[in-house]
Amino acid sequence: MTRIKFPSAYTILMLLTVLMAVLTWVIPAGQYQMENNEVLGRMVPLVGSYQTVDANPQGIVDVLMAPIQGFYDPASYAARAVDVALFVLVIGGFLAVVTETGAIDAGIAGTMKRLAGREKWMIPILMGLFALGGTVYGMAEETIPFYALLIPVMIAAGYDSIVGVAIIMVGAGIGCLGSTINPFATVIASNAAEINFMEGFALRAIILVLGWLACVIYVMRYAEKVKRDPMQSIVAHQKDENLKHFLHSKEQQAPELTGKRKAVLAIFGLTFAVMMWGVSLAGWWMAELSALFIGSSIIVGFVGRLSEVEITDSFVNGARDLLGVALIIAIARGLVVVMDNGNITHTILNYAEGLLGGLHEVAFINAIYWVEAVLCLVVPSSSGLAVLSMPVLAPLADFAGVGRELVVTAFQSASGLPNLVTPTSGVVMGGLAIGRVSYSSWLKFIGPLLGFLTAMVMVLLSLGVVFS
């Protein structure tokens, strides 16, 4: 009997793109009137201005063009996901050059030796660091380089690739879910809702701490189960392949951690430190980060005493390994382009506006949460969703007798939670692709945790209404 295989990430995203194209033939086209918000520096919807417009149903050509338009806008040549995709390729090249020096293998062996019997404590520490990045500045695309670094360490420690993926994706995800001062979610949403972003801070901090504890316990329990019995791993069928892929099938003695390799690892760590500084303080984004990793690749090559051929060949081969990830990011962005071009994004938002009228306070805030959770599938960008939805939904809170800060908290909690699983997120699908974790395997792993976090957020939002 032939076993039914779950489709790849590429197929899932293309099927969703086709579905969205079909919906542009069914859902009425509409637009809100947009006005410039000087505080946000962006165009935002004007409440009550929604009106129908001429339909622009998307056809076969539009579906085929979607991945291309995911990279850039062919009409204006404005970048969409091309900068993130290019960054992923550069990261692949950088990691391959570092690997070529033997520094990563030597570093993993040294780390495992020093942490013998205590490997599990890496999980809460690392998840705490990623959560900090998520809550402070919405760490998302910046996590991509860490997958190829951390997963081999977890596998060498006796865990599986899902543990490595979960530490990063769930760690940063719970940070974004509990965004306390994240400028790309909480601050923008608060400005759009016309309140101070520190309003509601206490509730968001409680969501962050309780959510982080739940996630750490969940991942640690799974990791311990896998270490006791590797066959309990959700990806146990890939164990040999993953050992070969992530640990390079090196059965011989690990390379010695020489002074040269220590210097390479120091450059490696410094590069990531500069990346964090550049994103959080210097206003860097993908172009600057790509240049940083290209420069670091060259420096690592010289310090590691690689020849010119070894540097260039390893860089190109490393970029080739992550080409599929770059394509996934573009396809995910193309799906959203189909909805925008079909003029149904604002219509879905208008439907949400109509559903919320006249609800009780507790029902209202939970409905806001679920509306934002659904809208996350339409607009994966937290800042984009904040600008689009808050000017429309926040004023409704005044009529429901709910503080606008609770609407902001519902928004950022919702925008963080679905991004742990939504197939329209290039970060989710890209991270799973690097970790060689199928989408079905990830759903099996994350499902129970997702259910708990959803219930926790709804309870805390309800208590926020009662005690406000």
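## The nonpolar core

In this predicted model, the largest nonpolar core gathers 143 residues. Val163, Phe293, Phe364, Trp442 and Phe445 are the ones with the most contacts inside that core. The element that gives the most to the core is helix H20 (residues 439-466), with 12 residues.

## Two salt bridges

How many salt bridges does a search of the whole structure find? The search finds two.

One of them joins the side chains of Arg436 and Glu241, at 3.5 Å from N to O. This pair links distant parts of the chain, 195 residues apart: Arg436 sits in the loop between helix H19 (426-434) and H20, while Glu241 belongs to helix H10 (residues 239-246). Arg436 is partly exposed, with a relative accessible area of 29%, and Glu241 is also partly exposed, at 47%.

In the other, the side chains of Arg80 and Asp73 meet at 3.7 Å, N to O. Are these two residues buried or exposed? Asp73 has a relative accessible area of 18% and is buried; Arg80, at 23%, is partly exposed. The two fall into separate classes because the cut-off for buried is under 20%.

## Helix H8, mostly covered

Helix H8 (residues 183-192) has seven of its 10 residues buried. These are Ala185, Thr186, Val187, Ile188, Ala189, Ser190 and Ala192. After H8 comes Glu194, which has a positive phi, near 65 degrees.

Now for helix H13 (residues 308-321), which has 14 residues.

Which residues of H13 are buried? They are Ile311, Ser314, Gly318 and Ala319. These residues cover an arc of only 130 degrees around the axis, and therefore lie on the same side of H13.

What covers the buried residues of H13? The cover includes helix H3 (82-100), helix H12 (286-303) and helix H14 (323-341). On the face turned away from the buried side, H13 carries the exposed residues Glu308 and Arg320.

Conventions:
Residues are numbered from 1 along each chain as its sequence is written. This is a predicted model: local features need pLDDT of at least 70, side-chain atom pairs count only at pLDDT 80 or more; totals for chains, interfaces and linings use all residues. Side-chain values use heavy atoms; hydrogens and water are left out. A nonpolar core is a set of buried Ala, Val, Leu, Ile, Met, Phe, Trp, Tyr and Cys residues joined through side-chain atoms within 4.5 Å. Buried means under 20% relative accessible area, exposed over 50%, partly exposed in between (1.4 Å probe, protein chains only). Helices (H or I, at least four residues) and strands (E, at least two) are DSSP runs, numbered from the N terminus. A salt bridge is a side-chain nitrogen of Lys or Arg within 4 Å of a carboxyl oxygen of Asp or Glu. The expected span of a helix is 1.5 Å times one less than its number of residues. The arc is that of the directions from the helix axis to the C-beta atoms. Contact means heavy atoms within 4.5 Å.
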